[in-house]
Amino acid sequence: MGKFYLTTAIDYVNAPPHLGHAYEKVCADVINRYRKAMGDNTFFCTGVDEHSLNVYRQAKAKNMSPRQYCDEMVPAFKLAWQSLGIEYDRFIRTTDEDHIASVKKLLQKIYDKGDIYKDKYKGWYCVSCEAYLQESDLIEGKCPIHNRKAEWLEEENYFFRLSGYSEKILDHINKCGNFITPEARKNEIINIIKSGLQDISISRASEGWGIELPFDPAQTVYVWIDALTNYISAAGFSGDKRRFKELWPADLHVIGKDITRFHCIIWPAMLLSAGISLPLRIYAHGFMTLEGRKMSKTENNFIDPKNIAEAAGSDAVRYFIVKEMPYDDDMDFTWDRFWLRYNTHLANDFGNLSSRILSMAEKYCGNRIPGFSERGKEDDEFKNVFCGLTDKYQKLMDDCRLSSALDCAWELVAFANKYVETSQPWKLHKAGQNGKLDNVLRNLLEGLRVISVLLYPFMPVASHKIWKGLGIKPGEKQGIFSEMKPWGILPEGGMIEKTGMIFPRKEKDKL
Ligand SMILES: [Zn+2]
């Protein structure tokens, strides 16, 4: 088993996170738990981006130092991720010492290579984008994304020779089919590169909040160049050489589809210039709207991750947003659909199945796991369906197709529910067909175990409850897939414990 280094984008620290930000972290956490369950040594990094002009101005308005202001904002992010069961290994802040050292080291390498030069920059700047915009992009002088007036900036900056890397990046994209996914995002990037890349400004002279350029301390590093570098900082670029060699390149950057240009063009070009290997894969997910409108704190159209996790449980939130976000498209969150899914998929289909199986085993088998005493043809079918779908699930998970992988697990839930109806254990019990009854329940208990393993990356709380119910301890989280995937490993005679309702039915409720 190998290592798996996984990152999310880092959020601007100046507004507390909403459910739209949470999707990316949940998605990464699901992949991280899966890789770990497969036996990989995983390292999962997320964090916040603190050196933005917005932070500087808001801190000033509040009469605080930018650092103080960030210190006050960071706990909101950590709490939100905690409430959704996100288990990262590093929460990086771009004001962290090792990150600052890493940015300086990287820029010095690029400078020494001759890829950085000084020039005058003039242009329209959107402070929310933290980027220069083309005049033709503006609508009545405003940024079309933020509906905010662009500012005219004119200063001497340092530039990075991005234009020199078009061919190399195109080559890499063509050679490594999975470098940019999904396909639609990859094609967008190829078109941008083919239409010609321009050199980009990588420093600012005007504000005093940021990382100083190592070769000109009068200028600070442009916030995007600063932010992108976090991925190598967390891997130990400025510190332990052995650790960096072990962790880098990142196996996966999970990002939103709005920032692919930075991650799929600028970031690889910087790494190529500095002679550092490129990340193996970038997955750009879609956006979440709320009841048809953009999710936004300023527009008062947002969901606080902590509140929804408290109302429905972290598992339900994780399940819903991963299920509803297609691999290569956007999703619209509606409360009707959320509670409908909760009550049908989670409470009825999965929750009921699990408590039904455990209470039948309690009632008919004296609280014990029965053995296979009278195997029939239908038992092979049960096993084959489960093992077949487990393989399919694994392929989908390996390819970050999380929503489809959940569908696979749900096919098993539906199959097991149907099996309960057709095999009618209560009738077998009444008729005294105990051998057959044992087999049916044994199948169902094995099936429930497999389902709980497949659902573990998505709904770890529910899986732990089921494992407790089945009397099994999967031990360390690392490698549980290899330990638990084989069919028929529940110990005969093992004790069953009732779990209660894993997903109690809930009234529709809008937060
Ligand atoms: Zn903007």
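Q: Which residue of β6 does Cys126 stand opposite?
A: Cys126 stands opposite Ala131 in β6. Helices (H or I, at least four residues) and strands (E, at least two) are DSSP runs, numbered from the N terminus.

Q: What kind of model is this, and what pLDDT do local features need?
A: It is a predicted model, in which local features need pLDDT of at least 70 and side-chain atom pairs count only at pLDDT 80 or more, while totals for chains, interfaces and linings use all residues. Residues are numbered from 1 along each chain as its sequence is written.

Q: Back to β5 and β6, how many bridges join them?
A: There are 3 bridges between β5 and β6, which run antiparallel; two strands pair if DSSP finds at least two bridges between them. β5 and β6 form a hairpin with 4 residues between them, and Glu130 in the turn has a positive phi of about 55°.

Q: And over how many bridges does β5 pair with β9?
A: Strand β5 (residues 116-126) pairs with strand β9 (residues 151-160) over 10 bridges in the antiparallel sense. Along this pairing, Ile116 stands opposite Phe160 in β9, and Tyr121 stands opposite Glu155 in β9.

Q: What is the bridge partner of Phe160 in β11?
A: In β11 the partner of Phe160 is Ile200. Strand β11 (residues 200-201) is joined to β9 by 2 bridges, and the two run antiparallel.

Q: So what is the order of that open sheet of 4 strands?
A: The order is β6-β5-β9-β11, with antiparallel pairing. The edge strands are β6 (131-133) and β11, each of which pairs on one side only.

Q: What about the open sheet of 3 strands, what order does that have?
A: The strands come in the order β18-β17-β19, with mixed pairing. At the edges stand β18 (293-294) and β19 (331-333), each with a single partner strand, so one side of each is left without a neighbour in the sheet. Strand β17 (residues 288-290) and β18 run antiparallel and are joined by 2 bridges, with Thr289 standing opposite Lys294 in β18.

Q: Switching to helices, which residues of α11 are buried?
A: In helix α11 (residues 305-312), Pro305, Ile308, Ala309 and Ala312 are buried. They cover an arc of only 100° around the axis, which puts them on the same side of α11; the arc is that of the directions from the helix axis to the C-beta atoms. A residue counts as buried if 20 or more other C-beta atoms lie within 10 Å of its own, exposed if 12 or fewer, and partly exposed in between, with C-beta atoms placed from the backbone.

Q: What covers those buried residues of α11?
A: The cover includes α1 (19-37), α3, α12 (314-324) and α13 (335-364). Two residues are in contact if their C-beta atoms, placed from the backbone, lie within 7 Å.

Q: Which residue follows α11?
A: Gly313 follows α11, and the phi of Gly313 is positive, near 95°.

Q: How is the protein chain divided into domains?
A: There are domain 1 (3-307) and domain 2 (334-484), with bounds that come from an automatic or database domain assignment. The C-alpha centres of domain 1 and domain 2 lie 41 Å apart.

Q: How many residues of domain 1 are in contact with domain 2?
A: 13 residues of domain 1 are in contact with 15 residues of domain 2. On the side of domain 1 that touches domain 2, α1 gives the most, with 7 residues. The residues of that side divide into 7 nonpolar, 3 polar and 3 charged, where Ala, Val, Leu, Ile, Met, Phe, Trp, Tyr, Cys and Pro count as nonpolar, Asp, Glu, Lys and Arg as charged, and the others, Gly among them, as polar.

Q: Last one, what does the secondary structure of the protein chain come to?
A: It comes to 19 helices and 19 strands. Of the 511 residues of the protein chain, 43% count as buried, and the C-alpha atoms fill a box of roughly 90 × 45 × 40 Å, taken along the principal axes.
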